[in-house]
Amino acid sequence: MSEKLDIQSLFPGSVATECCRIDAAENDHELYPEELVSIENAIEKRQKEFGAGRTCARQALGRIGAAEGPLTKNQDGSIAWPEGIIGSVSHTRMWCGAAVANLKDIKGIGFDIETIERVKPHIWRKIVTPEEENWLAAQSEDQTQQWVALMFSAKEAVYKCLYPVVRKRMGFFDAIIVPDPQVSTFEIKLHELLSALVPAPLSLTGRYFFYEGVVFTGIVLK
């Protein structure tokens, strides 16, 4: 059996989740021919990540009663989920996970995993808004990279959550992330043009946790 990590705390109970360590699950990933087409020319590393993602997604889908079958790609590269289902998949070199739900319960799901050390200082200015810089300035300097990695991951999760609803590409400055370390949540303030397209309040809330040098983030649009 592969080593698993519980990511359910990132989501409400109506969302089903699965997360495993990729290298510990090499033999678990049986893919459909329709899925293999997507990685027939990919390097071994990509094949393992893809297989782990589809395995996690299928296990999560089984928990909400979805029929098993191939998870192919849409034209925009996103996963073609079964009818009436919404989901999100993410991976790093080590971890892979998925979160899925019925559309009658959840309109959007964003899930992301990032390795903290990969978010290097030279890319911080491409990620962080002035308001986020002010928040970071009030934190301990030795934790800056950790918090910027959280912001990076949270913005990726926001994009995954909102794209199926708004069908609009997002940049890193389209969302402001304000963490609350006391309760491991983050507030999301959307750019006005984007928030006008979202059937929700102007601010949304996500959840996060850190584990062995990795940050996990999740958000849903109800």
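This is a predicted model: local features need pLDDT of at least 70, side-chain atom pairs count only at pLDDT 80 or more; totals for chains, interfaces and linings use all residues.
# Strands, helices and rings

Q: How many bridges pair β5 with β6?
A: Two strands pair if DSSP finds at least two bridges between them. Strand β5 covers residues 175-180 and strand β6 residues 185-190. They pair in the antiparallel sense, and the number of bridges is six.

Q: Which residue in the hairpin of β5 and β6 takes a positive phi?
A: Four residues lie between the two strands of this hairpin. A phi near 55 degrees is taken there by S184.

Q: What is the bridge partner of C20 in β3?
A: β1 and β3 run antiparallel, and six bridges join them. In β3, C20 is partnered by C96.

Q: Why do the rings of W95 and Y211 count as they do, and what is the pair called?
A: Rings of Phe, Tyr and Trp (its six-membered ring) pair if their centres lie within 6.5 Å; planes under 30 degrees apart are stacked, over 60 edge-to-face and the rest tilted. The search of the whole structure finds 10 aromatic pairs. The centres of W95 and Y211 are 5.9 Å apart and their planes stand at 70 degrees, so this pair is edge-to-face.

Q: How many residues apart in sequence are the parts that W95 and Y211 tie together?
A: Ring pairs link W95, F209, Y211 and F216 into a cluster. W95 lies in strand β3 (residues 95-102), and Y211 lies in strand β7 (residues 203-211). The separation in sequence is therefore 116 residues.

Q: Is W95 buried or exposed?
A: Buried means under 20% relative accessible area, exposed over 50%, and partly exposed in between (1.4 Å probe, protein chains only). Y211 has 28%, so Y211 is partly exposed. W95 has 0% relative accessibility and therefore counts as buried.

Q: At what angle do helices α3 and α4 pack?
A: Axes are lines fitted to C-alpha atoms, for helices over the stretch in contact, and angles run from 0 to 180 degrees between N-to-C directions. Helix α3 spans residues 130-137 and helix α4 residues 144-166. Their axes are 10 Å apart, at an angle of about 145 degrees.

Q: Which residues of α4 make the contact with α3?
A: Contact means heavy atoms within 4.5 Å. On the α3 side are E132, W135 and L136. On the α4 side are T144, W147, V148, M151 and K155.

Q: Is K155 buried or exposed?
A: K155 lies in helix α4. Beyond its neighbours within four places in sequence, K155 is in contact with residues including E132, F172 and A175. Its relative accessibility is 5%, so K155 counts as buried.

Technical notes. Residues are numbered from 1 along each chain as its sequence is written. Side-chain values use heavy atoms; hydrogens and water are left out.
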